[in-house]
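Student: Could you take me through the packing of this model, giving the general idea before each case?

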Amino acid sequence: MYTDHDRFHDIASGLISAGYITAPGRVIKHGKEAAVLCCPAHPSLGVEHVALKVYRDQSFRNFRNDATYLRGKVWKRRDLGHLKAFKDELWVETEFRVLETLHAAGIRVPRPYTQIDHGIVMEHVTAAGDDAPMLKHVRLSPEDRRRVLEEVLEAIDAMLGCGIVHGDLSVFNILYDGAHPVIIDFPQAVYANTHDDPYPLFRRDVERVVASLAPAQAAGAAEIAAELWGRHYVVEARMMS
Ligand SMILES: Nc1ncnc2c1ncn2[C@@H]1O[C@H](COP(=O)(O)OP(=O)(O)OP(=O)(O)O)[C@@H](O)[C@H]1O
Ligand SMILES: [Mg+2]
């Protein structure tokens, strides 16, 4: 049987041969859906380390409400016999392409380097030379918290400007590099232009970050979401209910 361990081994050897990393590295986090490692980068990349996110084989079954996130994705024509394999790839490809788009637009996300099988190589986000912590675990002064919320809302606005809704945004999927928030974890992102009902996902993203970073403003989060949405798309009456 081909296990997650075999897959990881193959991905790491592939990346070593392709000249992205020089060794498999150490685990930063072993999550339910993916393992993220810090690997020594090949000198040609000009950085010391990169992050390697490898999805588990089982992970794709765990994505909540598959259908919600699959709607509007462009499905390439492939042999239907390979549907499961293809669905698996879709999540990895979505994360990689979204990172490419957002990074090119100057939004603070890890710079993506390459995707190979179920693995993505991206910039290793650090804070004071260490792995950057999740925003959830960072203590900020009230002033910094307000600024960080402002920056996250600006990033949400800029992402929507690229037609992208994160779809699972929270202080667990935002890292803090000591100065600024860096948004991560995009496999479930949706394209606002092709998804038939992206607004509830968008609003939930906004509501969650406002609730965590400015609880006193939580009651006004729906209004903030509508205002941001209205900068790019039409706000319909039903969205406000
Ligand atoms: N580019 C990166 N640089 C540094 N650390 C990272 C990077 N990407 C991910 N991490 C670390 O790995 C963790 C998990 O990453 P991510 O949120 O993308 O995966 P996940 O599928 O949500 O995993 P989990 O099931 O653990 O939530 C992050 O919380 C962070 O600690
Ligand atoms: Mg995550």
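The dialogue below turns to a helix pair, then to the nonpolar cores.

Tutor: This is a predicted model, in which local features need pLDDT of at least 70 and side-chain atom pairs count only at pLDDT 80 or more, while totals for chains, interfaces and linings use all residues. Residues are numbered from 1 along each chain as its sequence is written, and side-chain values use heavy atoms, with hydrogens and water left out.

Student: At what angle do helix H5 and helix H6 pack?

Tutor: Helices are DSSP runs of H or I with at least four residues, numbered from the N terminus; axes are lines fitted to C-alpha atoms over the stretch in contact, and angles run from 0 to 180 degrees between N-to-C directions. Here H5 (residues 142–161) and H6 (residues 199–213) pack at about 170 degrees, with their axes 10 Å apart. The two are therefore roughly antiparallel, a term for angles over 145 degrees.

Student: Which residues of H5 and H6 make the contact?

Tutor: Contact means heavy atoms within 4.5 Å; among the residues making it are Leu149, Val152 and Leu153 of H5 and Phe202 and Val206 of H6.

Student: Which residues touch the most other members of the largest nonpolar core?

Tutor: Such a core is a set of buried (under 20% relative accessible area, 1.4 Å probe, protein chains only) Ala, Val, Leu, Ile, Met, Phe, Trp, Tyr and Cys residues joined through side-chain atoms within 4.5 Å. Of its 52 residues, they are Leu153, Ile156, Phe186, Phe202 and Val206, and H5 gives the most to this core, with 8 residues.

Terms used. Chains are lettered from A and ligands numbered from 1 in the order in which they are written. Angles under 35 degrees count as roughly parallel, over 145 as roughly antiparallel, 65 to 115 as roughly perpendicular and the rest as oblique. Buried means under 20% relative accessible area, exposed over 50%, partly exposed in between (1.4 Å probe, protein chains only).
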